[in-house]
Amino acid sequence: MDYTMEQYRASARAIRERLGDFVPKVAMVLGSGLGYLGDEVENPIAIDYRDIPHFKASTAPGHKGRLVFGTLEGQRVAVMQGRMHHYEGYSYEEVSYAVRVLRLLGCDTLIVTNAAGCVNTGWKAGDLMLITDQIKMFSQSPLRGENLPDFGVRFPDASHLYTPRLQELARETAAEQGIPLREGVYFYCYGPQYETPAEIRAVRLLGGDAVGMSTAPEVIVAGHCGMEVLGLTLLSNMAAGILDQPLSEQEVLDAAAAAREKFSGLVRACLRKM
Ligand code: HPA
């Protein structure tokens, strides 16, 4: 289904009624096991997705399904606690709906975080990665269908989806904090099954360093409507076939829990410098 401009505006209006004169600047989409940052927002105004017209619920484990507005490290943030995934049955348009609504509300920056499989065999599970670019070429675009020119052009440039200035800011911040930060390409796969070892070999040949089931659709939409984007990945597990062990969701959630301090420390420090 194509959403109309009126639907995006209706969602934004309903949220604005709850926000008073608060105008968010930085939208944050937090991945598996990372949603706790939303609980650390000061003076929070939390709105359930259920209470926003045209929003869909999020069903994935570790995803709460609400928007939290408030202040974090001195920034006016809008935190999506829980994102939608294509594998849950949502279209890419549904998956990225909230990004456009947050743009209408005033956000000009998007921070995306996720947990992903590590494809690069020189790295290890538990490492953090700055996303420098993404590959999502084997599935539909969230921009498919009628273009809404109030958001952006029909054929948007995607040369710098992940904003170079924010990449540099993250590099500097990680160095200051003494947090090692890998850099690489996020390769999107639909899921929900983890990849096969042969698929991971293909991903590596094609230039992917990390593989995951989220993020790329939202980032395409953010780029289309002119938002700056910072992407940070927790490499929660070695991708399929690298180690002689099966992949499991528990492993991903455990890794997210173990990296909690390091990851939230980096995200918070980046916010402070934005
Ligand atoms: N593959 C895809 N998505 C993921 C993985 C993985 O290995 N780990 C966490 N999300």
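Patches here are built from residues with over 30% relative accessible area and no salt bridge, joining like charges within 9 Å and nonpolar side chains (Val, Leu, Ile, Met, Phe, Trp, Tyr) within 5 Å. One such nonpolar patch, about 500 Å², is made by M137, F138, L205 and L206. Keep in mind that this is a predicted model, where local features need pLDDT of at least 70, side-chain atom pairs count only at pLDDT 80 or more, and totals for chains, interfaces and linings use all residues. Residues are numbered from 1 along each chain as its sequence is written, and side-chain values use heavy atoms, with hydrogens and water left out.

**Surface patch**
- Accessible areas come from the Shrake-Rupley method with a 1.4 Å probe, and for residues only the protein chains shown count as cover.
- M137 sits in the loop between strand 6 (128-135) and helix 4 (164-177); helices (H or I, at least four residues) and strands (E, at least two) are DSSP runs numbered from the N terminus.
- M137 counts as exposed because its relative accessibility is 59% (buried is under 20%, exposed over 50%, partly exposed in between, with a 1.4 Å probe and protein chains only).

**Around the ligand**
- The shell (residues with a heavy atom within 4 Å) is A115, A116, G117, Y194, E195, V211, G212, M213, S236, N237, L247 and V252.
- Strand 5 (109-118), strand 8 (210-212) and strand 9 (228-238) each supply at least two shell residues, and strand 5 gives the largest share, with 3.
- Polar contacts are pairs of N or O atoms within 3.5 Å: a polar side-chain atom of E195 lies 2.7 Å from a ligand nitrogen, while polar backbone atoms of A115 and G117 are each 3.3 Å from a nitrogen atom of the ligand.
- Taken alone, the ligand exposes 260 Å², and the protein buries 95% of that.

**Salt bridges**
- The whole structure has 17 salt bridges, each a side-chain nitrogen of Lys or Arg within 4 Å of a carboxyl oxygen of Asp or Glu.
- D48 and R50 pair up at 3.0 Å, N to O; D48 is partly exposed at 26%, and R50 is exposed at 69%.
- D127 and K124 have their closest N and O atoms 3.1 Å apart; D127 is buried at 9%, whereas K124 is exposed at 52%.
- R165 and E228 meet at 2.5 Å, N to O, linking distant parts of the chain, with R165 in helix 4 and E228 in strand 9, 63 residues apart.
- Salt bridges that share partners also join E40, E73, R268 and R272 into one network.

How values were computed. Polar contact = N/O pair within 3.5 Å; in protein donor to acceptor, adjacent residues only side chain to side chain.
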